[in-house]
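Here's a quick tour of one protein model. Have the sequence and the 3D view open, and let's start with a single residue before zooming out.

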Amino acid sequence: MSITNHSNTNSLPFLLMGIPGLEAFHMWISIPFCFTYIMTLLGNSMVLLAVRLDKNLHEPMYYFISMLAVIDLTFSTAVVPKMLGVFWLDSREIGFEACFIQMFFIHTFTAVESGVLLSMSFDRYIAICNPLRYNTILTSSRIIQIGLLSLARGVGVMTPLMYLLTSLPYCKTRVIPHSYCEHMAVVELACSDPSVSHLYSLTVATLLVGAGSVFITFSYGTILRSVMKLPSQEAHLKARRTCVSHVSVILLFYIGGLLSMYLQMFSFGLAPHVQVLVADFYLTVPPMLNPIIYSIKVKQIQEGIFKLLRQLAGRSISKAD
């Protein structure tokens, strides 16, 4: 990612405010975010370990869930440690390049997650609507290609945006009224017209969300019709449980993302601290909830995690003896 300086001011750091107007309560506000981050690390790590160690989970669907866990871990780690530094240590300063690198990670992995969710809907479509060809269509090499393609798509669409943003001169106040380098809040500090970057980011967001929503709706609409025709009640229940977990994660991602984006673009008369809290919760809560949703709704993941916990408990007891 190239950083183009138009003036010496672009080498100066930015200052993060945290939650504007609630600075006196930062220590208390940090508690749920800290808890959420710990649960995110534990939950997603356990999903990854369960899939890695349990051979019964070496199937395409669980590989996609593993990708989602890696994305959530990366996504959260790019944001929360610095956020807690602001809350706990009043460490408000963030370097110019570090700010845009954080923004790059947020946007890129949001786009990557969108790609993985699309892939998961395709996986369920093939598994339920064309099960006889499932293993021939979704081979291990193809899953790797899908993962790399999702990553390449995220990097490819967000690199031009970062170039446009870092090319702007930032000569206004260096204070960002957020807990992290939120896109709209940073752009408002530019002292030249950011309309090109606005247009590009809006176009990318519309295409990603629009195309993703259409494909996912078509996939799950077809899946629903196929599920209703399944003769076995057990197969019907299993397919429905799996699809419910996927749809829950998809709704959490898309609805939460759209709500956060539009609240940052249009305040709708909300207080600044409400806008910031909505953005903070969107970046921290879904990565925590995703492994919980899969653990509850997907029986195989649940069993894999319980198996992992029993193994860890057994090793601890053996060491104690």
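R225 is exposed, because its relative accessible area is 52% and the cut-off for exposed is over 50%. You'll find R225 in helix 7, which covers residues 195-228. Keep in mind that this is a predicted model.

**Around R225**
- R225 and C129 sit 96 residues apart in sequence, yet their C-alpha atoms are 9.2 Å apart in space.

- The average pLDDT for the protein is 82, and 86% of the residues score at least 70.
- Over residues 1-6, pLDDT stays under 50, and the model has 16 contacts there beyond four places in sequence.

**Spans from the record**
- An unreviewed UniProt entry annotates "transmembrane region" for several stretches, including residues 61-80, 100-122 and 199-223.
- Residues 61-80 are 100% helix, with their end C-alpha atoms 28 Å apart.
- Residues 100-122 are also 100% helix, and here the end C-alpha atoms lie 33 Å apart.

- Searching the whole structure turns up three cavities of 30 Å³ or more, and the largest cavity holds about 70 Å³ of space.
- What kinds of residues make up the lining of the largest cavity? Five are nonpolar, two are polar and two are charged.
- Among the lining residues are D72, E113, F253 and N290.
- Helix 2 (60-89), helix 3 (96-129) and helix 9 (272-297) each supply at least two residues of that lining, and helix 9 gives the most, with four.

Conventions. Residues are numbered from 1 along each chain as its sequence is written. This is a predicted model: local features need pLDDT of at least 70, side-chain atom pairs count only at pLDDT 80 or more; totals for chains, interfaces and linings use all residues. Side-chain values use heavy atoms; hydrogens and water are left out. Buried means under 20% relative accessible area, exposed over 50%, partly exposed in between (1.4 Å probe, protein chains only). pLDDT is the predictor's confidence in each residue, from 0 to 100. Contact means heavy atoms within 4.5 Å. UniProt positions are given in the numbering used here, feature names are shortened, and annotations may be inferred rather than shown by experiment. On a 1 Å grid over the protein atoms alone, a cavity is a set of points where a 1.4 Å probe fits but cannot get out, and a pocket is an open set with protein on both sides within 12 Å along at least five of seven lines; lining residues have an atom within 4 Å of a point. Grid points are joined across faces, edges and corners, and a volume is the space filled by probe spheres set on the points. Ala, Val, Leu, Ile, Met, Phe, Trp, Tyr, Cys and Pro count as nonpolar, Asp, Glu, Lys and Arg as charged, and the others, Gly among them, as polar.
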